[in-house]
Amino acid sequence: MREIEFTNTKEKVILKFFDRTSDIFKDLVGKKCFFVCDANVLSSHPSMASWLDKSKAIKILLDQPEAQKNLESYKKIIEALKKHNFTRKDYLIGLGGGATTDLAGFVAATYMRGMRFIQIPTSLLGQVDASVGGKTAINFEGIKNFVGSFYNPEQIIINTEFLSSLNEQEFLNGLAEVIKHAIISSEESLNEIFDEKSAIVSREPETLSQIIDNSIAVKESIVSEDFNETGKRKFLNFGHTFAHGIEYANRMQPILHGHAVVIGMLMASTYSEHKGMLDAADLEKIKQVIGSFNYDFSNINLDVETIVEGMKSDKKNQSEKITLILLKGIGNPVLHEEENIKNLTNFIRDFTENFEK
Ligand SMILES: NC(=O)c1ccc[n+]([C@@H]2O[C@H](COP(=O)([O-])OP(=O)(O)OC[C@H]3O[C@@H](n4cnc5c(N)ncnc54)[C@H](O)[C@@H]3O)[C@@H](O)[C@H]2O)c1
């Protein structure tokens, strides 16, 4: 078990690693708990489902967590908490991918002005990204994460056993954030991912625990310096402005966010090299690491004009400029306000023409 502390808010978040799913519940015996659960996780992990059935915990199941990360589910959970006389001292537990834990976190943040909250993220993206940093949210009128708050859980419980039931592309979706954390932190972290690629792909538990722990440490250290995202936290957006444009170009047939981020990181790294900021050798290393995983980009639309249109609408932009996170080296991200949209568009055109899906 490792403890982490978000110093800006003076709150402690305890991070626990468990080897066996059954151990997770030992700490919860005797506590009044309400579970917001991803139904897919329970059907893939029957032992967990049966523990929940036997326990006195109240639970609500989400069949399609992203589609249900909305006001209706929020209201339903609040009503159930009230009906069962939950107080601020009782526990709300989010068990599932990022959509489930975001929704659970927003309920926990607002029920009676904040109740006790535990995250049990079950997707790789949830474990290394969504559960860390205190952002909670629901979608509203089709706009992602439009309503939300910053609220830390008391505990984040990680168990790599959950990851065995994720399909390959969902697993790689989360790995995009692991690679991102490595690129913005150090060459050593990126080398570790490359050296351990076979163990990662075969989901070897010890290796996964190690890379998840490292990845969380990167996000945690950035967030603890800048909880409310006024400075350094923006580095976590590396690859994301390009990704936002790519997701916009694919909005009719949405793609996995991590896949857009991977292409976005390749674009941001290549653009950094193009601008003379990043060494060719560093760019090659980034390409080599990403290229060693089996990302399926075959159905991704890379229409240049639409990508740029999407990038312009990114909420991170100041006025007419496009805000990018570029690299001066591996482990050395910098904020860049791009004024020359024509140059950027030409770069994206060259990139997409040469990109092998
Ligand atoms: N709060 C934050 O800082 C933050 C950061 C990044 C992303 N997010 C949010 O997280 C969400 C994306 O997270 P996600 O990729 O986990 O999406 P998700 O929660 O929708 O899960 C993706 C799919 O995997 C399934 N799943 C989850 N765990 C599983 C398991 N162990 N076995 C089998 N299937 C499993 C889910 O049922 C779903 O079908 C988005 O809503 C995004 O906005 C939040």
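## Domain layout

The centres of domain 1 and domain 2 lie 27 Å apart, taken over C-alpha atoms. Domain 1 spans 2-165 and domain 2 spans 168-354 of the protein chain. These bounds come from an automatic or database domain assignment.

This is a predicted model: local features need pLDDT of at least 70, side-chain atom pairs count only at pLDDT 80 or more, and totals for chains, interfaces and linings use all residues. Residues are numbered from 1 along each chain as its sequence is written.

## Domain contact

In domain 1, 22 residues are in contact with 22 residues of domain 2 (C-beta atoms, placed from the backbone, within 7 Å). Strand E1 (2-6), strand E2 (11-17) and H6 each supply at least two residues of the domain 1 side. H6 gives the most, with 5 residues. Helices (H or I, at least four residues) and strands (E, at least two) are DSSP runs, numbered from the N terminus.

The domain 1 side divides into 11 nonpolar, 9 polar and 2 charged residues. Nonpolar means Ala, Val, Leu, Ile, Met, Phe, Trp, Tyr, Cys and Pro; charged means Asp, Glu, Lys and Arg; the others, Gly among them, are polar.

## Ligand shell

The ligand is surrounded by 28 residues (C-beta atom, placed from the backbone, within 6 Å). The closest are Asn40, Gly97, Gly98, Ala99 and Ser123. Helix H2 (39-44), helix H5 (98-110), helix H6 (124-130), strand E8 (143-150) and helix H7 (168-185) each supply at least two shell residues. By class, the shell has 7 nonpolar, 13 polar and 8 charged residues.

Methods. Two residues are in contact if their C-beta atoms, placed from the backbone, lie within 7 Å.
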